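Open the model in your viewer and keep the selection tool at hand. This tour goes from one stop to the next.

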Protein chains: 2
Amino acid sequence: MKRGIVLFGHGSRDPAWREPMDAVAARVRAQSPGALVKCAFLELQQPSLPLAVEALAAAGVREVTVLPMFLGVGKHAREDLPRLVDVVRARYPELTLVVLPSVGESGPVLDLLAILALQHASS
Amino acid sequence: MKRGIVLFGHGSRDPAWREPMDAVAARVRAQSPGALVKCAFLELQQPSLPLAVEALAAAGVREVTVLPMFLGVGKHAREDLPRLVDVVRARYPELTLVVLPSVGESGPVLDLLAILALQHASS
């Protein structure tokens with residue numbers, strides 16, 4: 001079964017803003033050459049989550065994992081994303097959509113950010 | 001010499017938004033009990049970066065490390081933060097202010113986010 005991965009971020013008018021998301025996408029592709037990976041954005045940039053899923057579905061993907069690239073877990077993560085997920089599920093009922101916790105809810109991410117803060121503070 | 005650490009994020013009207021930042025601050029304090037750690041925000045929440053540094057300086061801190069908690073590296077990281085750093089440096093010329101790269105520019109962070117995306121996609 002073909003799987004897709006969507007890295008979902010806020011979006012920005014600044015084209016350089018997405019570079020870290022593209023860098024994560026490149027790492028995912030390198031580690032899992034069969035994975036179809038897309039970045040999607042809440043606002044200010046395209047594609048939206050529904051458009052990204054549409055492209056994956058058109059490529060034959062039956063299961064999509066969404067990683068919300070939010071460090072802060074507020075309205076975007078807890079309201080806007082679930083609303084978009086509902087839109088996608090209604091549009092593609094045959095698709096399995098797995099929404100992971102936001103990256104800011106990951107213990108290993110929080111551990112690593114603390115290490116970054118301390119590395120230079122103690123140098 | 002007393003050192004301070006500022007975790008600098010965007011800020012949000014949603015009080016829950018900052019929880020991951022507070023969680024990182026708690027980890028930093030646990031790993032380095034002598035560190036004075038503060039969260040600061042670009043907008044919508046207090047304290048601002050200058051106010052956070054003011055509090056650290058009042059506590060006797062002479063060197064402050066700032067970790068920009070931005071996954072996307074756009075205007076906030078490349079323009080707004082340097083502008084605030086200039087304000088702080090002008091106001092506290094005796095203070096050493098070390099501004100780390102944004103967390104979205106950290107290779108280990110990007111590696112970890114790719115692992116998060118792949119974990120569930122292959123389960």
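Two strands count as paired if DSSP finds at least two bridges between them. Keep that rule in mind for the first stops. Note too that this is a predicted model.

**Stop 1: a strand and its partners**

Select strand β1 of chain A, residues 3–9. For one contact point, pick Leu7(A): its bridge partner in β2(A) is Cys39(A).

Click on Arg3(A), then on Glu63(A), its bridge partner in β3(A).

**Stop 2**

Is β1(A) largely enclosed or open? Buried here means under 20% relative accessible area. Of the 7 residues of β1(A), 6 are buried, so the rest of the structure largely encloses this strand.

**Stop 3: over the helix**

Select helix α1 of chain A, residues 19–31. Together with β1(A) and β2(A), α1 forms a β-α-β unit, and the unit is right-handed.

**Stop 4: the largest pocket**

Show both chains. Which residues lie nearest the centre of the largest pocket? They are His10(A), His76(A), His10(B), Trp17(B) and His76(B). The pocket's volume is about 790 Å³, and 31 residues line it. That lining splits into 12 nonpolar, 12 polar and 7 charged residues.

Finish by selecting α3 (75–91) in chain A and α3 (75–91) in chain B. Each of these helices supplies at least two residues of the lining.

Methods. Residues are numbered from 1 along each chain as its sequence is written. Chains are lettered from A and ligands numbered from 1 in the order in which they are written. This is a predicted model: local features need pLDDT of at least 70, side-chain atom pairs count only at pLDDT 80 or more; totals for chains, interfaces and linings use all residues. Side-chain values use heavy atoms; hydrogens and water are left out. On a 1 Å grid over the protein atoms alone, a cavity is a set of points where a 1.4 Å probe fits but cannot get out, and a pocket is an open set with protein on both sides within 12 Å along at least five of seven lines; lining residues have an atom within 4 Å of a point. Grid points are joined across faces, edges and corners, and a volume is the space filled by probe spheres set on the points. Helices (H or I, at least four residues) and strands (E, at least two) are DSSP runs, numbered from the N terminus. Ala, Val, Leu, Ile, Met, Phe, Trp, Tyr, Cys and Pro count as nonpolar, Asp, Glu, Lys and Arg as charged, and the others, Gly among them, as polar. Buried means under 20% relative accessible area, exposed over 50%, partly exposed in between (1.4 Å probe, protein chains only). A crossover is right-handed if, with the strands pointing away from the viewer, the path from the first strand over the helix to the second runs clockwise.
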